[in-house]
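Hi everyone, thanks for coming along.

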Amino acid sequence: MTFDPIVLFFLLGVVSGLVKSDLKIPAAIYEALSIYLLLAIGLKGGVELAKYPLLDLAGDAMIAVAAAMAIPLVGYPVLRFVGRMAQPDAASIAAHYGSVSVVTYSVAVAAIGQQAIDHDGYMAVFLALLEFPALLLGVVLARLGDATQNGKSGLASVDWGRLLHEVLAGKSIVLLIGGLIIGYVAGRMDAYAPMAPLFRDLFKGVLALFLLEMGLVAASRVAAFRTYGAFLVVFAVVMPVAAAAWGLVVAQWLGFTLGNAILLATLFASASYIAAPAAMRIAVPQANPALSIGASLGVTFPFNVFVGIPLYVWMAQRWIGH
Amino acid sequence: MTFDPIVLFFLLGVVSGLVKSDLKIPAAIYEALSIYLLLAIGLKGGVELAKYPLLDLAGDAMIAVAAAMAIPLVGYPVLRFVGRMAQPDAASIAAHYGSVSVVTYSVAVAAIGQQAIDHDGYMAVFLALLEFPALLLGVVLARLGDATQNGKSGLASVDWGRLLHEVLAGKSIVLLIGGLIIGYVAGRMDAYAPMAPLFRDLFKGVLALFLLEMGLVAASRVAAFRTYGAFLVVFAVVMPVAAAAWGLVVAQWLGFTLGNAILLATLFASASYIAAPAAMRIAVPQANPALSIGASLGVTFPFNVFVGIPLYVWMAQRWIGH
Amino acid sequence: MTFDPIVLFFLLGVVSGLVKSDLKIPAAIYEALSIYLLLAIGLKGGVELAKYPLLDLAGDAMIAVAAAMAIPLVGYPVLRFVGRMAQPDAASIAAHYGSVSVVTYSVAVAAIGQQAIDHDGYMAVFLALLEFPALLLGVVLARLGDATQNGKSGLASVDWGRLLHEVLAGKSIVLLIGGLIIGYVAGRMDAYAPMAPLFRDLFKGVLALFLLEMGLVAASRVAAFRTYGAFLVVFAVVMPVAAAAWGLVVAQWLGFTLGNAILLATLFASASYIAAPAAMRIAVPQANPALSIGASLGVTFPFNVFVGIPLYVWMAQRWIGH
Amino acid sequence: MTAKTFKLVTIYCEAVLESRVIEVFDRLGIVGYTVTECRGRGTHGVRSGNWRMSANVRIEVMCDVDTSDRLNEALMPYDRDYGLLVVRSDVEVLN
Amino acid sequence: MTAKTFKLVTIYCEAVLESRVIEVFDRLGIVGYTVTECRGRGTHGVRSGNWRMSANVRIEVMCDVDTSDRLNEALMPYDRDYGLLVVRSDVEVLN
Amino acid sequence: MTAKTFKLVTIYCEAVLESRVIEVFDRLGIVGYTVTECRGRGTHGVRSGNWRMSANVRIEVMCDVDTSDRLNEALMPYDRDYGLLVVRSDVEVLN
Ligand SMILES: Nc1ncnc2c1ncn2[C@@H]1O[C@H](COP(=O)(O)O)[C@@H](O)[C@H]1O
Ligand SMILES: Nc1ncnc2c1ncn2[C@@H]1O[C@H](COP(=O)(O)O)[C@@H](O)[C@H]1O
Ligand SMILES: Nc1ncnc2c1ncn2[C@@H]1O[C@H](COP(=O)(O)O)[C@@H](O)[C@H]1O
Ligand code: NA
Ligand code: NA
Ligand code: NA
């Protein structure tokens with residue numbers, strides 16, 4: 001189990017935060033970095049998609065998405081009944097874990113690259129597709145069996161139009177899908193090369209800066225840790241490992257290569273921190289964002305980056321072979 | 001007629017805007033991108049200038065600038081008397097079309113590069129010189145024959161000092177000219193190479209991000225479209241084509257190469273959206289900025305990018321030959 | 001004495017500022033640029049450190065830091081008794097000159113690169129170590145012999161905890177040291193290459209943008225120049241030359257190579273403008289920041305960039321040889 | 001000078017709420033408003049503003065007393081679940 | 001505590017107008033002011049602030065009643081052609 | 001509507017002072033506050049906000065009269081050496 005030194009930037013961010021350094025990534029730069037990451041991943045995926053038959057991929061993708069729904073469906077009852085959390089909180093956290101994290105994916109790509117394990121860039125399609133279904137499911141879970149408020153049942157009171165809009169027109173979907181399409185066209189026309197110095201060559205450096213920022217944000221959440229209780233911390237470590245194992249099963253069944261299997265496992269294991277918090281805040285306002293963000297960004301993200309990914313590589317090498 | 005996939009970023013911006021995505025390019029990033037583009041174009045032009053006799057260029061440039069003045073001088077009466085627009089609006093719009101757009105120029109450079117048509121980087125000098133004279137002319141047109149307000153004639157009431165300052169000390173002129181000079185010195189000293197990874201290699205990627213932002217802004221102007229009336233939309237399509245044709249005539253007369261001719265045609269066809277709106281807002285406040293920005297950014301810019309530039313390439317190939 | 005055309009960006013900034021251009025580098029971009037520079041220098045230093053025995057360096061560093069303390073210790077009495085400045089002002093300015101400037105260092109690296117003089121990247125360690133001791137010394141000087149306020153002696157009334165925190169947890173130390181460590185690890189693991197396109201290849205271009213911004217800031221300080229009085233201007237020119245000479249003596253004594261000696265001289269000659277102003281504003285609030293920033297950024301920085309560095313190169317070539 | 005007496009309602013809230021608040025304005029026929037980005041602290045904890053989920057906005061509206069009452073009422077449903085503070089003061093509109 | 005009663009004049013306007021407003025301050029001898037970037041909506045439509053031409057600023061000035069009257073008068077010529085809102089309220093300056 | 005009458009204290013100061021001001025809040029038991037970045041001009045000259053040393057912040061606190069008095073008193077030691085302006089006005093807190 002080796003690691004990519006890029007994750008040290010996350011540590012640097014955490015340390016800066018904990019020592020209360022005046023180091024701050026301005027909000028505008030954070031926005032720019034996340035726009036860059038999403039677009040770059042989409043473009044790269046699109047360029048690679050141009051080399052493959054799209055239809056084959058569609059079937060695999062559908063299966064992977066369906067399989068990923070097991071994560072919130074299992075996570076929710078665990079949170080609700082084992083953890084005794086309130087319904088909205090359990091649903092919101094389940095949705096975060098059902099969705100995916102762009103940065104965790106990127107760190108996994110870097111990590112396997114470091115170990116010379118190949119993967120296909122079109123895995124970005126899975127990233128795009130796995131992001132939002134779990135969010136819809138999370139809202140359903142939050143409202144199901146809701147005491148009929150003002151005469152309407154819980155589910156009927158959901159403003160589905162707004163929710164779908166919030167999720168599908170959210171910047172992560174727009175940039176990932178937009179990037180995929182532009183990359184696809186550019187790939188077909190052999191016109192990606194002039195954009196590559198920005199979107200491909202700088203990727204890892206920008207990821208480093210983003211990790212620095214995530215470390216700063218994670219550090220600011222440390223105070224909230226105590227209030228989660230031990231249960232949530234355990235959940236935030238066990239859930240990703242279980243989800244990764246499930247992801248490997250699915251990957252094996254779909255006949256994925258080693259690299260692609262590791263990435264699918266990582267996607268399953270990762271918890272969203274861009275799309276999910278925003279969507280849940282709007283759709284399930286009763287849920288406490290400190291709990292879901294604390295678990296996903298404060299525990300699961302660093303766990304995946306430092307322990308999870310090397311572990312999933314190791315698991316995949318045992319199960320899938322080289 | 002082929003196209004460069006980079007223009008799809010503009011479309012992505014428009015679509016994001018129309019579906020009301022939460023995607024936003026922070027204002028600070030927009031500023032940074034435009035500083036980068038202006039400086040990069042200036043530097044590149046300066047480096048290439050270092051290889052040519054400056055004096056030859058000066059004559060051509062003077063002729064091109066004089067010829068470009070025909071654009072507002074023709075555009076103004078058309079807008080005023082055919083379109084029946086108010087004097088300040090007609091003058092302001094004419095000034096926008098007489099001036100030039102840095103991004104349209106950049107897209108044309110990308111497009112001809114894509115088709116392996118050579119051009120000279122010193123065309124950036126024309127970009128810098130064509131930007132401001134039309135703005136001064138626009139102000140003259142706006143004030144000419146102005147009812148003598150408070151006893152002063154219209155033209156006398158213009159605060160020329162402020163206007164000249166606004167235009168010549170505006171960031172686009174400062175960065176273009178500054179870049180040209182620094183590039184020239186660096187070119188002479190063979191010292192451009194270490195700056196090239198930022199200012200040359202990343203150019204196209206940054207242009208893509210800028211187009212994304214322009215798409216977002218253009219989408220926010222769509223609502224205003226209906227209020228322009230059909231006349232302005234027709235003007236915003238016919239004017240650039242006529243100006244491009246005129247630009248090709250001038251280019252041919254000056255004996256330009258195919259690539260340079262296409263770029264001059266594109267400069268004539270393009271309408272300003274950085275320097276002109278700011279200068280007109282100060283100097284001709286009675287003009288409605290929604291009209292001029294709507295026409296230049298909402299209609300002419302996408303027209304040039306998607307239809308105009310391929311058309312000017314085709315026209316130039318017929319008239320100028322290869 | 002040749003120069004690197006990159007310093008023209010500083011001039012461009014000064015000119016833009018003086019003609020009151022609307023060119024502005026947004027605050028968020030300034031922050032991002034300085035984070036980038038600090039991190040990039042740290043990383044590069046760390047990667048090179050990985051190739052050298054750390055212990056050898058430690059001894060040299062300690063000596064250089066001790067020697068650098070002579071600068072504020074000499075500067076303070078000159079400012080206080082020759083310049084007749086108030087105690088807090090003399091102490092604050094002395095601290096600025098005892099500390100170091102990241103951008104001056106970077107310009108020196110560019111300048112010697114331009115002349116094919118080698119240096120070792122681990123000189124960044126000296127940059128990191130020289131930044132803060134002078135700041136502590138400055139505070140001591142400001143409080144020494146302070147009239148015992150509210151019954152406490154001057155020194156006892158210093159909130160040392162806060163001061164140390166302000167300095168050591170300040171972003172420049174955190175990023176330089178953090179970068180050094182990450183670079184060191186990445187260097188050992190041969191994993192720096194994927195980050196290099198951002199942190200190494202773009203360095204000079206980003207430095208150009210930073211110089212542009214510094215020119216803008218310096219121009220905004222010009223008005224304050226007259227109020228400094230001739231003394232401070234003379235100090236701001238003589239002090240760096242004297243410090244550079246002292247730096248060369250130390251470098252020769254330590255057996256430095258030509259390039260490393262020039263860099264040490266430049267560090268001694270440079271005056272801080274990131275860490276020092278912030279620390280002094282907190283720890284010595286009675287000092288007028290217009291004086292210290294005006295001298296360090298308005299006089300010494302451009303002096304070093306245009307005259308000082310070429311001079312130090314020349315001095316080093318005479319004293320140290322090739 | 002014909003100064004008109006108005007109320008200034010200032011709404012401090014989570015950035016995600018901004019579009020909701022503007023929908024409320026549209027519903028109440030409020031045309032004018034001004035938004036500034038901010039950060040802060042309240043009963044919902046520190047909101048440092050360094051990423052979207054922790055950003056606040058400060059929305060100002062000049063309106064008459066009646067509208068300000070209706071605005072406040074329309075915002076109250078959000079008070080339970082969101083960081084939200086609504087204050088009101090007197091202003092003269094000069095133009 | 002010797003609090004002085006002042007007027008707070010708040011000017012909401014297009015960003016391009018900022019330098020003009022500051023010239024007016026200089027003419028009226030107003031030294032102190034504070035500027036914040038903002039966005040908003042008014043009779044001149046939505047000003048989203050995402051590029052300079054759609055950016056607004058909010059300029060605050062603490063001054064005496066007389067100066068506030070003269071300030072308002074000096075700003076009125078801009079009211080016809082530019083997005084501009086000027087409001088005034090009472091404040092105590094505490095230091 | 002049960003509006004509570006409060007004081008709004010607005011503190012305009014150099015950005016480096018922000019952490020000090022928040023320490024004062026903590027000492028006085030003030031929980032809520034809102035910070036906006038700004039620039040400006042005062043007796044300490046132009047603060048253009050384009051780098052940290054020239055940046056200003058504007059800190060708003062809703063509190064009762066007593067607390068506002070104590071806050072002002074606690075801030076006064078900074079008035080001599082730092083750019084600082086503290087003003088107070090009346091507001092109704094609506095929620
Ligand atoms: N007493 C206060 N003074 C000023 N701003 C406040 C105050 N209380 C809350 N706020 C602002 O209102 C936001 C939401 O407050 P809360 O709902 O109490 O978390 C905070 O993040 C602050 O920006
Ligand atoms: N009723 C209002 N309340 C708060 N801000 C307003 C109001 N009306 C206008 N504004 C602000 O003033 C700017 C110019 O207004 P207008 O001249 O009406 O377009 C707008 O962009 C808003 O930022
Ligand atoms: N009269 C005023 N009106 C509005 N803001 C002011 C005024 N005077 C000072 N300020 C603000 O308070 C800051 C500090 O003021 P000073 O201590 O006078 O330099 C300035 O940078 C301005 O942002
Ligand atoms: Na997941
Ligand atoms: Na044109
Ligand atoms: Na020094």
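Let's begin with a term: a residue is near a molecule or strand if one of its heavy atoms lies within 4 Å of it. With that in hand, look at ligand 3, which lies between chains E and F.

Before we zoom in, some housekeeping. Residues are numbered from 1 along each chain as its sequence is written, while chains are lettered from A and ligands numbered from 1 in the order in which they are written. This is a predicted model, where local features need pLDDT of at least 70, side-chain atom pairs count only at pLDDT 80 or more, and totals for chains, interfaces and linings use all residues; side-chain values use heavy atoms, with hydrogens and water left out.

Back to ligand 3. How many residues surround ligand 3? There are 17, and the closest are E:T34, E:M62, F:T43, F:H44 and F:N56. By class, that shell holds six nonpolar, eight polar and three charged residues. Here Ala, Val, Leu, Ile, Met, Phe, Trp, Tyr, Cys and Pro count as nonpolar, Asp, Glu, Lys and Arg as charged, and the others, Gly among them, as polar.

Which elements build the shell? At least two residues each come from β2 (33-42) and β4 (56-63) of chain E, and from β2 (33-42) and β5 (84-93) of chain F. Strands (E, at least two residues) and helices (H or I, at least four) are DSSP runs, numbered from the N terminus.

Now the polar contacts, meaning pairs of N or O atoms within 3.5 Å; within protein, one must be able to donate a hydrogen and the other to accept it, and residues adjacent in sequence count only if both atoms are side-chain atoms. A polar backbone atom of F:T43 is 2.7 Å from an oxygen atom of ligand 3, and for F:H44 a polar backbone atom is 2.8 Å from an oxygen atom of the ligand. F:L84 has a backbone N or O atom 2.9 Å from an oxygen atom of ligand 3. On its own, ligand 3 has 480 Å² of accessible area, and the protein covers 91% of it. Accessible areas come from the Shrake-Rupley method with a 1.4 Å probe; for residues, only the protein chains shown count as cover.

Next, please find ligand 2, which lies between chains D and E. Its 17 surrounding residues include D:T34, D:M62, E:T43, E:H44 and E:N56 as the closest. Let's look at side chains here: a polar side-chain atom of D:T34 lies 2.8 Å from an oxygen atom of ligand 2, and one of E:N56 lies 2.7 Å from an oxygen atom of ligand 2. The protein covers 92% of the 480 Å² that ligand 2 has on its own.

How do chains D and E relate to each other? A rotation of 120 degrees, with 0.0 Å of shift along its axis, superposes chain D on chain E with an RMSD of 0.0 Å. The two copies are therefore related as by a three-fold rotation axis. Superposition is by least squares on the C-alpha atoms of residues with pLDDT of at least 70 in both copies. Within chain D, the C-alpha of D:T36 comes closest to that axis, at 4.5 Å.

Let's move to the metals. Donors are N, O and S atoms within 2.8 Å of the metal (3.2 Å for Na, K and Ca), and water is not among the atoms, so sites may look incomplete. A:S99 sits in the loop between α5 (87-98) and α6 (102-114) of chain A, and A:L267 in helix α15 (residues 258-269), so the pair ties together parts 168 residues apart in sequence.

Are A:S99 and A:L267 buried or exposed? Both are buried. Buried means under 20% relative accessible area, exposed over 50%, and partly exposed in between (1.4 Å probe, protein chains only).

Over in chain C, the sodium ion that is ligand 6 is coordinated by C:Y97 (O), C:S99 (O), C:L267 (O), C:F268 (O) and C:S270 (O), at 2.3 to 2.9 Å. C:L267 is buried because its relative accessibility is 1%, and C:S270 is buried with a relative accessible area of 1%.

One last stop: D:D66, in helix α2 (residues 65-75) of chain D. D:D66 is exposed, because its relative accessible area is 54%.
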